[in-house]
Amino acid sequence: QEAAEGAAAEGSSGPYDIATVVKIAGIQWFNRMEEGVKQFAADTGNNAFQVGPAQADPQQQAALIEDMIAQGVDAIAVVPMSPEALEPVLGRAQEAGIVVVSHEAASQQNVSYDIEAFKNEDFGATLMENLAQCMGGEGEYAVFVGSLTSQTHNQWVDGAIAYQQANYPNMTLVGDKNETFDDQQQAYAAAQEVLRAHPNIKGFQGSASTDVAGIGLAIEERGMEDQSCVVGTSLPSIAGQYIETGAVDMIGFWDPSLAGYVMNSVAQMVLNGEEVTSGMDLGQTGYESVTLDGKVIYGQAWVEVNKDNLADYPF
Amino acid sequence: MTDRQPLVVMTGVTKTYAGITALDDVDFVVRAGEAVCLAGENGSGKSTLIKLLAGVEKPDRGVISLDGVPHAAMTPTAAAASGIAVIFQDFSLFPNLSVAENIAFGAELAEGARFVRGRHVRELAARTLERVGVPLDLSATVGMLPVAQKQLVAICRALASEARLIVMDEPTTALTEREVRALLAIIQRLKADGVAVIFVSHKLAEVLEVSERVVVLRNGRKVAEGPAAEFDARSLTRHMTGRDLAEVGAAPLDPSAPVLLTVERLSKAGAFADIGFTLRAGEVLGISGLLGSGRTALAKALFGLVVPETGRVTLDGREVPLGDPLRAAGAGIGYVPEDRLTEGLFLTQSILRNVGVGRIEAHGRGPFLDMAGLVEDARDWLARLRVRAPDPEAPVRSLSGGNQQRVVLARWLARAPRILILNGPSVGVDVGSKAEIHAIIADLAAHGLGVIVISDDLPELLATCHRILVMVEGRIVEDIPRMDATEEGLARRLAS
Amino acid sequence: MTAAPAPRVSRLLAQPEARLALIMVLVFAVMAALAPERFLTPQNATSMAFQFPEFAILALAITITMLTGGIDLSIVGIANCCAIVASLLLTRLAPGAEAGVGWLLLSYAAALAAGAAAGLFNGVLIAFGGLPPILATLGSGLIFTGLAVALTGGTAIMGFPASAAWLGNGSVLGLPVPLVVFGLLAAGLSLVLSRTGFGLKVQMFGANPLAARYAAVDIERLLLRVYVASGMLAAIAGLIIMSRANSAKADYGQSYTLLAVLIAVLGGVNPYGGYGRVVGVVLAVLTMQFLSSGLNMLQVSNFARELIWGALLILVMVINTRTWGFRRLRRRLPTAAPQGETR
Amino acid sequence: MSSLLGRNETLVAGVILAFCMVGALADPGFLSIPTLMDLLRAGIVLGILAVGVLVVLVSGGIDVSTTSLAIVALYVTTLFVQNVTPEMGWPLAFLLAAVVGALLGAINGLLIAGLGLPTLIVTLGTLSVFRGFLLTFVGSRLISNLPGGLRDFSRAMMIRGTNADGSFYSLPWAFAFLVGVVVLTWFLLYRTMLGRQVFAIGGSMESARRIGIPVRRVQFLVFVYVGALGGLAGIIHASLARVANPQDLLLNQQLPVLAAVVLGGARLEGGTGTLTGTLLGVSLIVLVSNSLIALGIPNTFQSIVIGFLILLGTGLPAWQARRAQRRAA
Ligand SMILES: Nc1ncnc2c1ncn2[C@@H]1O[C@H](COP(=O)(O)OP(=O)(O)OP(=O)(O)O)[C@@H](O)[C@H]1O
Ligand SMILES: Nc1ncnc2c1ncn2[C@@H]1O[C@H](COP(=O)(O)OP(=O)(O)OP(=O)(O)O)[C@@H](O)[C@H]1O
Ligand SMILES: O[C@@H]1[C@H](O)[C@H](O)CO[C@@H]1O
Ligand SMILES: [Mg+2]
Ligand SMILES: [Mg+2]
């Protein structure tokens, strides 16, 4: 470890200390991401590890990054809860010579690269297409985001709403974007409120991985599994039990472990003075031929899961 | 009498608090069926001795034997189990519980009851209250009762447990003549039943009346002990203080003294009605009355703590705004409250601060305080009132009752008020300090202050006042000049 | 047992602040010994100096209210609300990123005014409404947070001029600006508490509110001033947070309320009023930060830090009550032992 | 009459009624069995926690660690059941959680009763210690596939049916636990000497000591009892939410629960408080946080409304008390 520091200070290649800072610790989405980070560490011999705050609070995330700066890590890979709130602290990290890579934050300024699994507006539109199919193209629906400042969540929801307005005029969005802070119970509480305020509601679109689980529980409690449609970003390990009962109808995702791995790979490349270019193969499924747009690296695959293919994804 | 079985024997008990020796190598015996009086000035160690006996505090040295069994230290549970009931100086009641529960709690606990026996509790409480002869609402919450009734509840609680020794630490301070009589009668009956009583009081007459043996403490040491018959008020005083005291009466009032305070038609429904009087510069005006006669409410109204519905108060010809203590104080009215511990003192704060808080504004120096001046001033007042404080920076809590009272007095005197209202100025104060406080009152009057003294202690009123108002049921029924007043006359006027 | 320390030392250690200072030095020494190459670096010192002022200032706000026997649970709500007032002014009225220093100062003044107003609201509830401070500020805190949400719809406000970064990220004479701000506020508060009539009255009132009324202390005005001061301190903390995060949002710093209370109590402030010194609070802040940074250097998880903070609080309390000589501790079952033998 | 009017219980009940009336006017479907069931369900965990907080308040203390303790209990229990006894039925799991809670409560009790430390500070400390210990040494990962026993319990319904308009409603058996806890606590507080001693200590600890009440033992038992209630509340919470989250936001319910109890008339100074008041306080908080949308108020205003209610609920009695005091003093 001491050697690692000395090496980093001299600017030679690895092993490096790379910290992955996620939105919140403990939820399956980021547990899965941690597997990728650990895999990267095992594969490359770098000291790669993951940390996350107890609550999805941008301030707590900034404090953790501050800690990483003080620890003197070589690179930070971050999934920002709120990109704009992190700019100053990431700026300080860069000033301290730390390489910064982000994920799910295409607008982030103080980074070398941002990694997106795919074009987020398209993903949002696909979720909407699934929702619309399920709803028969008509009825009321509501949308959920982890935070109004979480960039991808808003891109998905905005993309979905635009797609609905263009293609399904008989559907209506009710209420504002519901904020759930990546917490299943907040999603449950918000779903209950929506159900009470809009008794005729038929559809829900979730964004944080925990959203559909919270919505699903509220649906099950009301026995509305068959009369309602719930789609959103999630993982089988989170939403599986609700997909089985029909409370949740479809989920979409990209594998967080691959995203975690790729963030670390890119960080290592930057540390080694390498550049990412369009068409490059970053070595993981879905990132075999990435597109570069400014600082943003796009992969090209998402997965859609429903009752039928649930068993194919054991995470 | 000496052949009776000793109930409690304390040998060589010593107790120190952070450097203060509250009790120093004291031997003390109580036998069944006898009443022992514990006498001594403020801070002489009476309450401390009682606390050791009750297991509330632990002695540094010495042994306490109960029925011949020595204990290095008592615990409250052991004390209660062996039949010791205490009426503490601060009552130690449960303000949130009912009268009935307060009275019966100790007894129920001693009996080891596991479940609540509601009817039993009420019956016991009713029976005990009957013995004392006071009708109190059994379901009233104790915290809402006036001080005197709280004291009665505390007495009843001690009586309710089948105690073999009842310790009374100044049980009569808040009581009026009539209630004191009833209590003394009860003590006589208890003695006849073989119950031992330890009685602490600064009212020497009642001490000598009720007890057969007297133990005198001074500065934590036992300085005298003997049959009550061998003492009289004078010799007792000498033992307590180590000197003879002469009470000074009020100096005659200058007939041309100007009127300072005029109170006109002051009324507050349910408390007092149509109060009118004047107070002249240099005059000491006494107010006496029975429990609940409205004296305290009136005093608080003058100080702005109670808002009267009608009436006018003028000081030096200027109207005093009603219902605002700040403006009353600003106009020159001071008030030394009845309940020292809750209303008077900042117990955890230093003695100096307790005095200094009265005159913070006077020590301003720009935005800051002149700390040195403030401390100097406070020390000066402590010295003038002869407050016995080993360390003026120590919390005021560490002082004995009488010294605490002087601290409150010092705070107000430091403000140089035009009018000072003293509610029970010598409640729980020993004879030595009491005479000194009376001298202070006389001195204040001589310097042109108007003083109002509210007291149940008739000799005190006679010793200090130029004039005495008698209040009955919220009205002033009589205005007696000092020369026409006698203790018997006043007592009769109040009792009727 | 070790030999009794010299009397001077033992008298000094009778003060909670002195013991805390000792603990702080110990923590520093241990951390420096365990990770000297990381802990004893200028980067670490700077990083620490940037981190703690925002919650340390909130701890000062808690301190002044706790001295009166109250508490202000609305500080984080006030801080965010005030930051949002300032940022709305900067971005909606002023030309956002192009705004000059004049606009910035105006926005700071508006935030301070909002803090004072919020504090006044609390003060009125407590002084004139007679509400228990815990509940008054719990309720008002929800209202301030709610206002912040309503004003912004819950999103972060951003797009400030470059000069806005100075308060949270700049340096003067090599010292981080937030540190300087905290130092000035702490010194000022310490002076106010120990050298002014207001400070003395605050402590006396905290010791016994009823006696304060009987001693003709102007209680209502006192409480108003205390809560206004608390509100303004919270506003300053809010501005620092806003500058450091380059944005303002209704839910920043949620964990700071508890942290601030923890620091105040650790610093020896009596939560029931009447006792507390600023120097104790400063020592507590530094202790917490040393501990926190040191554990970070040792790569201990941030959850373990929470554990250690709590344990430290309890430990300090145990030490304090032991030396304050809680007689209850020694009042065990009746012991017949040594004294019994003398008979 | 006037004493009844002046009580918090009456006031809170009045506000609840008013709220329901406005609710019914704004939304005809508001006064319905499904709404009632939703509210009852939402009140189970808060209600049990509030009863615990009440007991501590009555004893003259304050406990800010209950939700933290509840989370430890729910997580440790779930983890144990999942890894060691996956077949364990819910009754044993509940017992286990209550025991874990009681043990943690005993830690509070030892520090408070044994060492004589102030309750607020101890529980402020253990709030962090419990949570920090859990996340550092036990685990920080959420368990969303609860063991069968717990999932079965959450699906077991006490009442279940369909409303006239076809809407489905249900009330889980967990509700019976709230009822049981209230009855048991009522019995302990009002019918046993131990309960009276709790009141006595809250009224005046020094007086209690002097009269021979084993103050430390009673305090210790209070914290053990409250710990057990916390553990029970925790496991019920996990089972109803179908997730054992070591970073559960139940943590943030501590102050609202405290507010509910005080709204119901318990005093922070100790010695005063009733179960009726506590339940009313909880009802009000639950009602408000669950039905603003039905009243047409956007949920961004929720905290403003709850804030105002807390101010109203504590302000009116405080103001009344002040007036009464001014009149009497
Ligand atoms: N808790 C305490 N801490 C420090 N000193 C104390 C404490 N309690 C009593 N003392 C001191 O012990 C001495 C004896 O006090 P004690 O209360 O026994 O006097 P007392 O005879 O009952 O007086 P009074 O007639 O005024 O009630 C006093 O000097 C008092 O200041
Ligand atoms: N502000 C008030 N409004 C209505 N009634 C009051 C008020 N203040 C006091 N009372 C009532 O008036 C009566 C007189 O009370 P007060 O305490 O003044 O009597 P007191 O003679 O001073 O008694 P003590 O001997 O206890 O000093 C009592 O019955 C009391 O309950
Ligand atoms: O918010 C997180 C991730 O960032 C992702 O958006 C999926 O859901 C999670 O809960
Ligand atoms: Mg005494
Ligand atoms: Mg009176």
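An oxygen atom of ligand 1 is placed 2.2 Å from a polar backbone atom of B:Ser398. This is one of the polar contacts listed here, a polar contact being a pair of N or O atoms within 3.5 Å (within protein, one atom must be able to donate a hydrogen and the other to accept it, and residues adjacent in sequence count only if both atoms are side-chain atoms). On its own, ligand 1 exposes 640 Å², and the protein buries 86% of that; accessible areas come from the Shrake-Rupley method with a 1.4 Å probe, and for residues only the protein chains shown count as cover.

The model is predicted: local features need pLDDT of at least 70, side-chain atom pairs count only at pLDDT 80 or more, and totals for chains, interfaces and linings use all residues. Residues are numbered from 1 along each chain as its sequence is written, chains are lettered from A and ligands numbered from 1 in the order in which they are written, and side-chain values use heavy atoms, with hydrogens and water left out.

**Ligand 1**

The shell of ligand 1 holds 19 residues, the closest being B:Asn42, B:Lys46, B:Ser47, B:Thr48 and B:Ser398; a residue is counted if one of its heavy atoms lies within 4 Å. By class there are four nonpolar, 12 polar and three charged residues. Here Ala, Val, Leu, Ile, Met, Phe, Trp, Tyr, Cys and Pro count as nonpolar, Asp, Glu, Lys and Arg as charged, and the others, Gly among them, as polar.

In chain B, strand E2 (20–31), helix H1 (46–53) and helix H14 (401–414) each give at least two residues to this shell. H1(B) has the largest share, three residues. Helices (H or I, at least four residues) and strands (E, at least two) are DSSP runs numbered from the N terminus. Domain 1 (6–241) and domain 2 (259–495) of chain B each contribute at least three residues, with bounds from an automatic or database domain assignment.

**Ligand 3**

Around ligand 3 are residues of chain A, including A:Lys23, A:Trp29, A:Glu104, A:His153 and A:Asp182. The shell has five nonpolar, three polar and three charged residues. Helix H2 (28–44) and helix H6 (151–167) of chain A each supply at least two of its residues.

| Ligand atom | Protein atom | Distance |
|---|---|---|
| Ligand 1, oxygen | B:Ser44, polar backbone atom | 3.2 Å |
| Ligand 1, oxygen | B:Thr48, polar side-chain atom | 2.6 Å |
| Ligand 3, oxygen | A:Lys23, polar side-chain atom | 2.9 Å |
| Ligand 3, oxygen | A:Asp182, side-chain N or O atom | 2.5 Å |
| Ligand 3, oxygen | A:Ser209, polar backbone atom | 2.7 Å |

**Chains**

Five pairs of chains are in contact, and chains C and D share the most contacts, where contact means heavy atoms within 4.5 Å. Between chains C and A, 31 residues of chain C meet 27 residues of chain A. The two bury about 2300 Å², 46% of it on carbon and sulfur atoms; buried area is the accessible area (1.4 Å probe) that two parts lose on being put together, summed over both. On the chain C side, C:Arg38, C:Asn296 and C:Gln299 lose the most area to chain A, together 21% of what that side buries. Chains A and B do not touch, and their nearest C-alpha atoms are 39 Å apart.
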